[in-house]
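Here is a brisk tour of one protein model with its ligand.

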Amino acid sequence: MIDVAVVGAGPAGLLAAAHLARSGLDVLLLEDHPRVGEPTHCTGIVSLETADLTDIPDELVLGRLARARLVAPNGGEARHAWPAAGSDAILAIDRAAFDQGLARRAIDAGASLRTGTAVRDVQLAADGVDLRTGAGPVRARACVLACGVSYRFQRQLGLGLPGQAIHTAQTEADATPGDVVELHFGRQVAPNGFAWTVPVVRGGRHRLKVGVMAMGDAGAYLDAFLERPPLRARVQGERAPIVRRLLPLRPIAKTYTDRVLVVGDAGGFTKPTTGGGIFYSLLTASLAAETLAEAFAAGRLDDAFLARYEHRWQARLGADLRVADWLRQFVTKCSDAEIDLLVRAMDSEDVQELVQRTARFNWHHDVIVALARQPGIATLIFRTLFR
Ligand SMILES: Cc1cc2nc3c(=O)[nH]c(=O)nc-3n(C[C@H](O)[C@H](O)[C@H](O)COP(=O)(O)OP(=O)(O)OC[C@H]3O[C@@H](n4cnc5c(N)ncnc54)[C@H](O)[C@@H]3O)c2cc1C
């Protein structure tokens with residue numbers, strides 16, 4: 001019997017496996033796809049703070065993003081500059097290469113990796129966890145579920161589903177050079193979400209990632225967005241096939257049970273505002289590994305002991321998740337005309353200064369609370385709440 005089976009070799013599973021192996025445990029990573037990191041669904045935007053949790057070598061960086069443009073349904077704009085240096089500097093990274101680098105580090109730490117091996121069933125027994133895989137049975141003392149946006153095992157184990165999720169679609173193509181991230185809002189563009197463009201340089205070529213997160217058919221909204229004249233003028237040549245994927249926006253009901261912890265997207269950990277999840281995946285993986293190492297040392301793999309994992313992520317992320325979820329509910333209720341007002345407010349000097357002072361890429365609590373106190377925005381919130 002091995003110590004820990006980790007289901008899924010995305011950032012969450014890979015970092016958890018590396019930490020667990022480093023603490024002396026016998027760890028097996030099971031990954032469905034034949035190659036770690038592929039196919040890639042993600043835009044790969046992270047802040048430099050992510051480097052506190054794992055290395056981000058320069059060769060992974062496809063772009064340093066210093067400016068953002070928010071576009072309202074009526075075409076109004078707000079422009080914001082991001083810090084070009086410091087822990088909040090924003091990078092677009094090569095997600096496949098990032099995951100592959102994490103895999104090398106997990107293996108160097110002593111974890112075993114079996115790719116092309118789907119886990120089909122996870123069953124709790126009195127003295128272990130039984131996994132049925134495409135390559136035969138695996139028995140482990142504990143299991144980390146890091147299987148991304150698949151929730152079969154969580155539901156089976158009584159841990160629930162993400163409280164909310166949204167559809168996404170993304171593609172990439174050659175494009176004219178640029179350095180501005182664009183976010184487009186409105187019911188026609190992306191109901192309950194937004195469309196984005198992110199310029200990167202891959203292999204010396206200027207590329208544009210274009211995506212949509214929306215309620216409904218995200219692929220159809222992406223097709224329509226790509227047909228807009230400014231996009232048609234920027235995108236050149238063949239587009240990569242559209243990748244569609246669900247994005248969780250709220251954690252699952254419970255993220256631990258006897259012998260099992262749930263991390264990353266599998267636990268529903270993304271920022272409810274933007275859907276960004278790499279940082280939260282790495283953070284929850286680190287907290288889960290710390291908890292499991294203690295559990296092995298104490299000989300306690302029971303539900304009551306493993307509850308400290310949920311206390312830990314609640315202490316780090318709880319307030320941010322709650323306030324960002326509140327903002328999302330509010331913006332979702334806004335009409336296009338109200339979004340026009342919000343974007344106009346975002347462009348005002350007061351808000352520009354406030355964002356510079358309070359915004360942090362991975363931590364949205366302070367900027368949201370400060371924004372909600374702005375006179376124009378406070379009135380809008382008040383009206384929306386009583387609608
Ligand atoms: C369109 C889009 C754009 C995004 N852009 C960003 C961004 O710019 N910045 C950001 O921070 N976040 C972004 N995200 C979110 C980010 O991609 C995820 O939060 C992140 O990938 C989660 O990592 P993870 O390890 O939890 O899951 P994943 O990366 O999904 O990894 C899960 C792994 O588990 C494997 N797996 C699943 N089921 C099984 C099974 N039964 N057996 C074996 N293996 C299994 C999968 O093959 C996969 O390799 C984006 C998401 C989407 C959809």
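Two residues are in contact if their C-beta atoms, placed from the backbone, lie within 7 Å. With that cut-off, nine residues of domain 1 are in contact with eight residues of domain 3. Helix α7 (residues 303–333) gives the most to the side of domain 1 that touches domain 3, namely three residues. By class, that side of domain 1 has three nonpolar, two polar and four charged residues. The C-alpha centres of domain 1 and domain 3 are 34 Å apart. Keep in mind that this is a predicted model.

## Overall build

The protein chain is split into three parts: domain 1 (2–57 + 95–162 + 252–322), domain 2 (62–92 + 164–247) and domain 3 (326–385). The protein chain holds 11 helices and 19 strands. Its radius of gyration is 21 Å, close to the 21 Å that the globule rule gives for 387 residues, so the protein chain is as compact as a globular protein of that length. Along the principal axes, the C-alpha atoms fill a box of roughly 60 × 50 × 40 Å. Of the 387 residues, 44% count as buried.

## The ligand shell

How many residues surround the ligand, and which are the closest? The shell has 38 residues, and the closest are Gly 8, Gly 10, Gly 148, Gly 264 and Gly 277. By class, the shell has 16 nonpolar, 18 polar and four charged residues. Several elements each supply at least two residues of the shell: α1 (11–22), β3, β12 (165–175), β17 (243–248) and α6 (278–298). Where does the ligand lie relative to domain 1 and domain 2? Both domains give residues to the shell, so the ligand lies between them.

## Strand pairing

Strand β5 (residues 67–71) pairs with two partners. It runs antiparallel to strand β6 (residues 77–81) and parallel to β13. β13 in turn runs antiparallel to β14, and β14 runs antiparallel to strand β15 (residues 205–214). The table lists each pair with a facing residue couple.

| Pair | Direction | Bridges | Facing residues |
|---|---|---|---|
| β5 and β6 | antiparallel | five | Leu 70 and Ala 78 |
| β5 and β13 | parallel | five | Ala 68 and Val 181 |
| β13 and β14 | antiparallel | three | Leu 183 and Trp 196 |
| β14 and β15 | antiparallel | nine | Arg 202 and Arg 205 |

Two of these pairs are hairpins. β5 and β6 have five residues between them, and Gly 75 in the turn has a positive phi of about 90°. β14 and β15 have two residues between them, and here Gly 203 takes a positive phi near 55°.

Is β14 largely enclosed or largely open? Seven of its nine residues are buried, so β14 is largely enclosed by the rest of the structure.

## Residues worth a look

Asn 192 has a phi near 65°. Asn 192 sits in the loop between β13 (180–184) and β14 (194–202). It counts as partly exposed, because 17 C-beta neighbours fall inside 10 Å, while a buried residue needs 20 or more. Arg 259 likewise has a positive phi, about 65°. Its place is the loop between β18 (256–257) and β19 (260–262). Is Arg 259 buried or exposed? Arg 259 is buried, because 24 other C-beta atoms lie within 10 Å.

A cis peptide bond joins Glu 38 and Pro 39, with omega about -5°. Pro 39 belongs to the loop between β2 (27–30) and β3 (45–47). β3 is also one of the elements that supply at least two residues of the ligand shell.

Val 61 lies in strand β4 (residues 61–65). It has 18 C-beta neighbours inside 10 Å, so Val 61 counts as partly exposed. Neighbours within four places in sequence aside, Val 61 is in contact with Leu 91 and Ile 93. The C-alpha atoms of Val 61 and Arg 132 are separated by 38 Å, and the two residues are 71 apart along the chain.

Terms used: Residues are numbered from 1 along each chain as its sequence is written. This is a predicted model: local features need pLDDT of at least 70, side-chain atom pairs count only at pLDDT 80 or more; totals for chains, interfaces and linings use all residues. Helices (H or I, at least four residues) and strands (E, at least two) are DSSP runs, numbered from the N terminus. A residue is buried if 20 or more other C-beta atoms lie within 10 Å of its own, exposed if 12 or fewer, and partly exposed in between; C-beta atoms are placed from the backbone. Two strands pair if DSSP finds at least two bridges between them. A residue is near a molecule or strand if its C-beta atom, placed from the backbone, lies within 6 Å of it. Ala, Val, Leu, Ile, Met, Phe, Trp, Tyr, Cys and Pro count as nonpolar, Asp, Glu, Lys and Arg as charged, and the others, Gly among them, as polar. Domain bounds come from an automatic or database domain assignment. The radius of gyration is taken over C-alpha atoms; the globule rule is 2.2 Å times the number of residues to the power 0.38.
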